[in-house]
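Good morning. I will take a few minutes to go through one structure. Please have the sequence and the 3D view open.

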Amino acid sequence: MTHTVEKIGGTSMSAFDAVMDNILLYPDNPYQRMFVVSAYGGITDALLECKRTGEPGIFRYIAERNDVWREKLKALEQRMLLINDTMFPELFCRNRADNFVKERIANAITCIENILETCQYGQFSLTSYLPQIREFLSSIGEAHSAFNTTLMLNNLGINSRFVDLSGWGAENNVQGDLDAVILDAIKDIDLSKELPIVTGYVYCDEGLMKTYDRGYSEMTFSRLAVLSKASRAVIHKEYHLSSADPRIVGPEHVRPIGKSNYDVADQLANLGMEAIHPNAASGLRRAGIELAVKNTFEPEHPGTLISQHYQPNTGKAEIIAGRDKVFALHLFDQAMVGQVEDVSYELMEIIREENVQLISKEMNANSVTYYLDGSTSSQNKVLSKAEKRYPKAKITGKMVALISVIGSAIDTNKTMSQGVLSLLDKDISPKAAHASLRNVDVQFVVKDSDYHGAICALHESFMSEGSAAVSTEKVVA
């Protein structure tokens, strides 16, 4: 029998009653599925840093040798125990869930303290241990949610298996790359009789966090689907994959995309609106596995189906996606004519050194602009290094917003002209506009303060009822 591999996002996991009713116990037969679960909403942010704002988490305090990390970790423990208290009214189950959390946190504190003590000696550097610390911190949240889910299902009489890939403890410490660890974990699972609940984090040779950062759980999900030869991959999220962010445009104004392809998913990932991490998507694409993105709170809705075989009949816009608080680094030098590529290479070296993400770039004969995402301190370091490297150039840095009109095969010329007119009609003056030969997206650069207004203006123009640009594709369940 064919099976599905499904991932449940962190915000959905925090609404666990809906997860149980609409996903885990829906439909009636719970088997022939594998689930990869994220940590409960906000837990990984507290452990590492806030994904949206960059606000430091426990990891940053450890890296700075700030002793407040112990207090923060104990506070997080109380937060996790409160989740347990909400989920498990029965004393027996709650005690098991609490003991699991307490043991993990106690082991984490002991491990970190030992590392910090070792690094008091000159022969050992904390910097060399930080990647490993970040790896095992990131695993705590997923292990918590996976254990709780398994415990809840077993308590309801469903034969569920906790598949702990975090490498925590000798019994889980399987050596090998990501694929080897996953294959070893699923080799004896009978999906007709068992429901595996898999941790989103996997301890493996390449270092999942180091390689994929916060997209690590999606890589676990993707490789599990590919290696187990799943018939379909499914992601359950708080919202549908919609024509725009419902938190900006309003839930009543957006609509599910319905059907799309992996080109669109990649563009969304580049803007931080991940349907799925691009590396995870490429694995599904190569394996010919379709990806369904569903709304946790609407189980009967088929959601959006992403397939490499999807070819739209008309070049309609499918989604308006954007990113605010983007750092635009602009370098102009009259003497740069004919040397733009050399300058571009050197600037990319600086960007990589500071661990800043490149979102987009534009260049002409004597100038180049990079659109970057990262912490404020890292962005300032990039600017400072660029000024030192090119003292005769005029270098500026300012915050902007990037907004894309995206579709599987849009007419970029018409999309660009319609987009500019719709922005100007709302008194928003675009700073730049770009279109690619791929005919997948047209991107507009606006002032950071115009981000919400520009999203709404473009969505109204391209997605409103009766718009010539709107896509009306429906997905078949």
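Predicted model: local features only at pLDDT ≥ 70, side-chain atom pairs only at ≥ 80, totals over all residues.

Let me start with helix H7, residues 126–155. On the H6 side, the residues in contact include Cys93, Phe100, Ile105 and Leu116. On the H7 side, they include Leu126, Phe136, Leu137 and Asn155. Sorted by class, this contact holds 19 nonpolar, 3 polar and 2 charged residues.

H7 also packs with helix H2, residues 16–24. Here the axes are 12 Å apart, and the angle is about 60 degrees. H2 and H7 are therefore oblique to each other. The crossing of H2 past H7 is right-handed. H2 contributes Phe16, Met20 and Leu24 to the contact, while H7 contributes Thr149, Met152 and Leu153. Of the residues in the contact of H2 with H7, 5 are nonpolar, 1 is polar and none is charged.

Next, the cores. As background, nonpolar side chains in soluble globular proteins tend to be buried together. In this model, which residues touch the most other members of the largest nonpolar core? They are Leu137, Leu284 and Leu291, in a core of 110 residues. The helix that gives the most to this core is H7, with 12 residues. Apart from it there is another core, made of 22 residues, including Ile248, Ala401, Val442 and Phe462.

Take leucine 284 as a case. Setting aside neighbours within four places in sequence, leucine 284 is in contact with Phe221, Ser222, Ala225, Val226, Ala233, Tyr262, Ile276, Ile289 and Leu291.

Serine 360 belongs to strand E10, residues 357–363. Is serine 360 buried or exposed? Its relative accessible area is 16%, and buried means under 20%, so serine 360 is buried. Not counting residues up to four places away in sequence, serine 360 touches Thr369, Tyr370, Tyr371, Leu402 and Gln443. There is also a distance to look at: serine 360 and histidine 434 are 74 residues apart along the chain, and their C-alpha atoms are separated by 9.9 Å.

The second one, serine 228, sits in the loop between H10 and E5. With 15% relative accessibility, serine 228 counts as buried. Again leaving out residues up to four places away in sequence, serine 228 touches His3, Val5, Met34 and Ile186.

Last, the backbone. Most residues other than glycine have a negative phi. Lysine 229 has a positive phi of about 60 degrees although it is not a glycine. Lysine 229 lies in the loop between helix H10 (216–227) and strand E5 (232–237). At 69% relative accessibility, lysine 229 counts as exposed.

Aspartate 427 is also on this list, with a positive phi near 60 degrees. Where is aspartate 427? It is in the loop between helix H16 (412–425) and strand E13 (432–435). Aspartate 427 is exposed, at a relative accessible area of 74%.

That is the end of my part.

Definitions and conventions. Residues numbered from 1 in each chain as written. Heavy atoms only, no water. Axes fitted to C-alpha atoms, helices over the stretch in contact; angles between N-to-C directions. Helix = DSSP H or I, 4+ residues; strand = E, 2+ residues; numbered from the N terminus. Parallel < 35°, antiparallel > 145°, perpendicular 65-115°, else oblique. Left-handed = near helix turned anticlockwise from the far one by under 90°. Contact = heavy atoms within 4.5 Å. Nonpolar A, V, L, I, M, F, W, Y, C, P; charged D, E, K, R; others polar. Core = buried A, V, L, I, M, F, W, Y, C linked by side-chain atoms within 4.5 Å. Buried < 20%, exposed > 50% of the residue type's maximum accessible area, 1.4 Å probe, protein only.
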